[in-house]
Amino acid sequence: MLASGFTAATVSRSLFFGTIVSSILVSLTDTKYLFHIQLVPHLWRYNQYWRLLIWQSCYNNSSELLFGLMTLYHMRILERLWGSHKFASFLITTLPPTLLIPPVVLALLRLITYSTLNVLPSGPTPLIFALLAQYHAVIPTVYKYRLLISSSSTDAITCSDKSLVYLLAIQLALSSLPGSIIGAAAGWLVGVAWRRDLGPGIWTTWRIPAWVTGGKQGRGEDFDNLRRRLQGEGRGVGSAIDDSEGEARQRGYGSGSRNHLRSDS
């Protein structure tokens, strides 16, 4: 039976509601202007490099917030698959590159396009797309269906149960062009690089302390304990079977000896 809501997904729940609270707070306090990035004048004139650390803290408009939250809600299945420990470690290790790579890419594109591109909208879109890359790689398709686009049965689009998630993500990437698609593409590439272990060795193997996510030990230790317990039970069952077979052989040997003595007499 599928679990509903944020069952067994505490980190996803914290990220989900944290994004809501932060977006509402910046709207109520009228501080939205502090979170997006403009290369000129924020970075290249005023040297406001602290924006590189906080620009993924919240969304500045309701449409981005809606599609970002709907996409993030579907990513909770990754936490159920990996466990909160690995899921939180993934978020922490992919946060630095998703914070820094989009502004660098925007700066390079600005040089190529003769200062046409300048704005990077706020919001955790790169981090969500890094999660989406893992969702695409590890979550299997459950079913597929076809949508007819004309009266002809041959003109149809094949979709799956994951198509809605991709549709929400595409809408999020197109919500504040061109900056939003730069962040989405950078986040997807970071997720693919993490998946293929293209970064430093510690990038994919590092884990946060277990107590941060409320755990007492790693999942690997859980699996080792389970394996040892199953092996112990298997040895116990095997010895019981061997004992029963030995007793059966002894009974068979004794009855055979008695029959042999009767026949001799």
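These are some friendly notes on the predicted model above, point by point.

1. **Ground rules.** The model is predicted, so local features need pLDDT of at least 70 and side-chain atom pairs count only at pLDDT 80 or more, while totals for chains, interfaces and linings use all residues. Residues are numbered from 1 along each chain as its sequence is written, and side-chain values use heavy atoms, with hydrogens and water left out.

2. **Overall make-up.** The protein chain has 11 helices and 4 strands. Here helices (H or I, at least four residues) and strands (E, at least two) are DSSP runs, numbered from the N terminus. Of the 265 residues in the protein chain, 37% are buried. Buried means under 20% relative accessible area, exposed over 50%, and partly exposed in between, with a 1.4 Å probe and protein chains only. A contact means heavy atoms within 4.5 Å. Among contacts between residues at least 6 apart in sequence, 72% join residues at least 24 apart.

3. **Helix α6 against helix α9.** The axes of α6 (residues 84-112) and α9 (residues 179-195) come within 8 Å and cross at roughly 135°. That makes α6 oblique to α9. For reference, axes are lines fitted to C-alpha atoms, for helices over the stretch in contact, and angles run from 0 to 180 degrees between N-to-C directions. Angles under 35 degrees count as roughly parallel, over 145 as roughly antiparallel, 65 to 115 as roughly perpendicular, and the rest as oblique. The crossing of α6 past α9 is right-handed, a term for the near helix being turned clockwise from the far one by less than a right angle.

4. **Who meets whom there.** From α6, the residues in the contact are Lys-86, Phe-90, Thr-93, Thr-94, Pro-97, Thr-98, Ile-101, Pro-102, Val-105, Leu-106 and Leu-109. Their partners in α9 are Ile-182, Gly-183, Ala-186, Gly-187, Val-190 and Trp-194. The residues of this contact between α6 and α9 divide into 11 nonpolar, 5 polar and 1 charged. In that count Ala, Val, Leu, Ile, Met, Phe, Trp, Tyr, Cys and Pro are nonpolar, Asp, Glu, Lys and Arg are charged, and the others, Gly among them, are polar.

5. **More on α9.** At 1.5 Å a residue, the 17 residues of α9 should span 24 Å, and its end C-alpha atoms are 25 Å apart, which agrees. The expected span is 1.5 Å times one less than the number of residues in the helix. The buried residues of α9 include Gly-179, Ser-180, Ala-184, Gly-191 and Ala-193. Also buried in α9 are Ile-182, Gly-183, Ala-186, Gly-187, Val-190 and Trp-194, which are the residues listed for its contact with α6. After α9 comes Asp-197, with a positive phi near 55°.

6. **Helix α1 against α6.** The axes of α1 (residues 10-28) and α6 come within 8 Å and cross at roughly 40°. That makes α1 oblique to α6. Thr-10, Val-11, Ser-12 and Leu-15 of α1 make the contact with Ser-84, Phe-87, Ala-88 and Leu-91 of α6. By residue class, the contact of α1 with α6 divides into 5 nonpolar, 3 polar and no charged.

7. **Cis peptide bonds.** The bond from Val-40 to Pro-41 is cis, with omega near 20°, and Pro-41 lies in helix α2 (residues 39-43). The bond from Leu-177 to Pro-178 is also cis, with omega near -5°. Pro-178 sits in the loop between α8 (163-173) and α9.

8. Ala-8, in the segment before α1, has a positive phi of about 60° although it is not a glycine. At 55% relative accessibility, Ala-8 counts as exposed. Asp-30 lies in the loop between α1 and β1 (37-38), and its phi is near 55°. With 59% relative accessibility, Asp-30 counts as exposed.

9. Is Thr-71 buried or exposed? At 0% relative accessibility, Thr-71 counts as buried. Thr-71 is found in helix α4 (residues 62-74) and, leaving out residues up to four places away in sequence, touches Ile-128, Leu-168 and Ala-169. Lys-144, in strand β3 (residues 144-148), is exposed, with a relative accessible area of 63%. With the same exclusion of residues up to four places away in sequence, Lys-144 touches Thr-158, Cys-159 and Ser-160. The C-alpha atoms of Lys-144 and Ser-160 are separated by 4.1 Å, with the two residues 16 apart along the chain.
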